[in-house]
Amino acid sequence: MTTLEQQALEYHAAGQRGKVAIQVTKPVGSQTDLSLAYSPGVAAPCMEINRQPSKAYEYTAKGNLVGVITNGTAVLGLGDIGALAGKPVMEGKAVLFKKFAGIDAFDIEIDETDPDKLVEIIAALHPTFGGINLEDIKAPECFYVERRLRERLSIPVFHDDQHGTAIVVGAGLLNALELTGRDISLAKVVCSGAGAAAMACLDMIVDLGVRRENVYVCDSRGVLTTARTLSEEKRAWAQDTAAATLSEVIGMADVFLGLSGPGLLSQDDVRKMAARPIVFALANPEPELRPELVREAAPDAIIATGRSDYPNQINNALCFPYLFRAALDSGARGINQEMKRACVQALAALARGADGFGPGAIVPGLLDKRLLGGVTPRIAAAAWDSGVASRQLDPAAYRLQLEALGKTLL
Ligand SMILES: NC(=O)C1=CN([C@@H]2O[C@H](COP(=O)(O)OP(=O)(O)OC[C@H]3O[C@@H](n4cnc5c(N)ncnc54)[C@H](OP(=O)(O)O)[C@@H]3O)[C@@H](O)[C@H]2O)C=CC1
Ligand SMILES: CC(=O)C(=O)O
Ligand SMILES: [Mg+2]
């Protein structure tokens with residue numbers, strides 16, 4: 001076991017176990033308080049909500065509460081380690097919701113792999129929450145589960161590994177391309193991984209201007225080609241090529257996008273890439289190739305990982321707190337493409353506006369205090385403009401409100 005792993009175990013076990021706890025928000029110290037908080041007074045908000053369900057947003061925690069829900073089938077890059085073993089990650093996401101955006105989150109680990117049953121369970125749980133953040137559910141089941149829940153529920157349902165990752169990859173890629181003087185429409189991209197995160201990231205970068213014919217994708221069996229029998233999602237990325245392996249398609253690639261597993265990129269692969277390559281080795285916790293090894297093979301590379309212990313942390317934690325903050329505050333029924341695009345542009349702009357902007361800072365750091373006030377109002381505005389929100393928020397006033405909130409959080 002490494003020192004870091006040992007420290008992480010001690011961190012999690014120290015004091016009150018785990019990373020989150022419940023906090024009470026009303027006085028309960030007197031008989032009068034108790035008769036308001038519980039019986040008999042609590043019947044009044046119950047009956048108000050029974051008459052008008054939207055009153056739940058006024059009288060309960062629903063409007064500021066997100067469910068972080070997994071079945072543990074694709075926990076980070078650790079694979080199918082099961083619902084219970086995924087709990088530390090889900091608690092971690094709950095911590096980030098709270099510390100970065102003041103959102104309360106319950107982590108819910110569901111021991112169910114059948115997609116239809118999972119949909120039924122999550123749908124049955126949904127009255128508790130103002131939004132649902134699906135996490136670490138493997139592909140292809142995650143696509144079905146998210147789609148069915150979005151069809152059924154009128155609260156935001158968002159698969160973080162797909163869309164959260166895609167947003168941050170989009171922002172990082174725009175800035176990395178700018179810094180290396182590349183035209184997005186000419187960039188050749190090679191992606192390792194064809195699961196939840198990869199498929200959504202590829203859709204996003206095509207939305208931003210990458211040409212589909214310039215993208216080569218590898219899964220655990222090699223390059224997605226037209227000769228292979230592929231799922232519907234993967235078929236969309238199949239190339240008519242005889243190349244079968246990552247090493248065979250990576251020649252002169254401008255961008256490597258790793259959303260697969262540890263150690264799947266070699267230094268020789270990096271050496272085959274174009275000059276000033278962009279290497280996003282995003283598998284967690286162990287990237288496709290460690291940054292120091294990428295640097296050795298290509299000293300002028302722009303390198304990003306999903307980890308907090310290297311520069312350029314491309315991690316969905318840079319966006320999900322702010323997306324949900326904006327969605328909850330604007331009363332959005334869902335998180336749509338316009339909101340995601342607004343988040344991409346806001347994150348990219350925030351990085352460009354920082355003093356240290358450059359190859360080692362293509363995205364803001366997770367602890368950048370400008371994020372809450374800088375990103376969230378732009379997403380809320382996009383929600384309103386695209387017709388998915390029920391409240392229009394004045395951007396300047398909302399920003400001030402968020403900046404004040406931010407001071408109470410980190
Ligand atoms: N930095 C970040 O913010 C994020 C990083 N990630 C990382 O991305 C990775 C994938 O996560 P996710 O998409 O949720 O998981 P999925 O289980 O949905 O997808 C995993 C993908 O990796 C592929 N894969 C496995 N082995 C290989 C291999 N030898 N060569 C190429 N591809 C391979 C699988 O192939 P096949 O389809 O054949 O099974 C599959 O397409 C994880 O490491 C995760 O930590 C995910 C989300 C966010
Ligand atoms: C960051 C994240 O969500 C993942 O690696 O799965
Ligand atoms: Mg995840």
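How many residues does the largest nonpolar core have, and which of them have the most contacts inside it? This core has 122 residues, and those with the most contacts inside it are Cys201, Leu323, Cys343, Leu347 and Ile379. The model is predicted.

- Apart from its neighbours within four places in sequence, Cys343 is in contact with Ile167, Cys319, Tyr322, Leu323, Val375 and Ile379.
- As a general rule, nonpolar side chains in soluble globular proteins tend to be buried together.

**Ligand 1**
- Ligand 1 is surrounded by 29 residues, of which Gly77, Gly195, Asp219, Ala283 and Gly306 are the closest.
- Helix H8 (160-179), helix H9 (196-208) and strand E6 (215-219) are the elements that give two or more residues to this shell.
- H9 gives the most to the shell around ligand 1, with three residues.
- By class, the shell around ligand 1 has 13 nonpolar, 12 polar and four charged residues.
- Ligand 1 lies between domain 1 (16-155) and domain 2 (164-305), because both domains give residues to its shell.

**Ligand 2**
- Around ligand 2 are Leu76, Asp136, Asp160, Asp161, Asn284, Gly306, Asn315 and Asn316.
- The shell around ligand 2 divides into one nonpolar, four polar and three charged residues.
- Gly306 is one of the residues around ligand 2, and Gly306 is also among the closest to ligand 1.

Conventions
Residues are numbered from 1 along each chain as its sequence is written. Chains are lettered from A and ligands numbered from 1 in the order in which they are written. This is a predicted model: local features need pLDDT of at least 70, side-chain atom pairs count only at pLDDT 80 or more; totals for chains, interfaces and linings use all residues. A residue is near a molecule or strand if its C-beta atom, placed from the backbone, lies within 6 Å of it. Helices (H or I, at least four residues) and strands (E, at least two) are DSSP runs, numbered from the N terminus. Ala, Val, Leu, Ile, Met, Phe, Trp, Tyr, Cys and Pro count as nonpolar, Asp, Glu, Lys and Arg as charged, and the others, Gly among them, as polar. Domain bounds come from an automatic or database domain assignment. A nonpolar core is a set of buried Ala, Val, Leu, Ile, Met, Phe, Trp, Tyr and Cys residues joined through C-beta atoms within 7 Å. A residue is buried if 20 or more other C-beta atoms lie within 10 Å of its own, exposed if 12 or fewer, and partly exposed in between; C-beta atoms are placed from the backbone. Two residues are in contact if their C-beta atoms, placed from the backbone, lie within 7 Å.
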